[in-house]
Amino acid sequence: MPENYTDPSGNTEAFRAFTETPEAAVPTEAPSRIPLIVGVVVVVLVVAVVAWLALR
């Protein structure tokens, strides 16, 4: 190891600076809701077609 390496667990201030890096602060993206919306639309259309055929 190089001699200028500072162990972040060596003191509280260095550890906090290490854990609060921009990489750790990046929020994870929520999964896409498009498949859920498409699924609901398909189910509604199928129920509507079945009801229309049954009441014809």
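This passage describes the fold, surface and confidence of a predicted protein model.

Residues are numbered from 1 along each chain as its sequence is written. Because the model is predicted, local features need pLDDT of at least 70 and side-chain atom pairs count only at pLDDT 80 or more, whereas totals for chains, interfaces and linings use all residues; side-chain values use heavy atoms, with hydrogens and water left out.

The protein has three helices and zero strands, where helices (H or I, at least four residues) and strands (E, at least two) are DSSP runs numbered from the N terminus. Along the sequence this gives the pattern α-α-α. The mean pLDDT, the predictor's confidence in each residue from 0 to 100, is 81 for the protein, and 77% of its residues reach 70 or more. Among the elements, helix α2 (residues 22-25) has the lowest mean pLDDT (58), while α3 has the highest (96).

A closer look at α3 is welcome here. Its end C-alpha atoms lie 32 Å apart, in agreement with the 32 Å that its 22 residues should span at 1.5 Å a residue; the expected span is 1.5 Å times one less than the number of residues. In the protein, buried residues make up 2% of the 56 residues. Valine 46 is found in helix α3 (residues 34-55), and it counts as partly exposed because its relative accessibility is 47%.

Notes
Buried means under 20% relative accessible area, exposed over 50%, partly exposed in between (1.4 Å probe, protein chains only).
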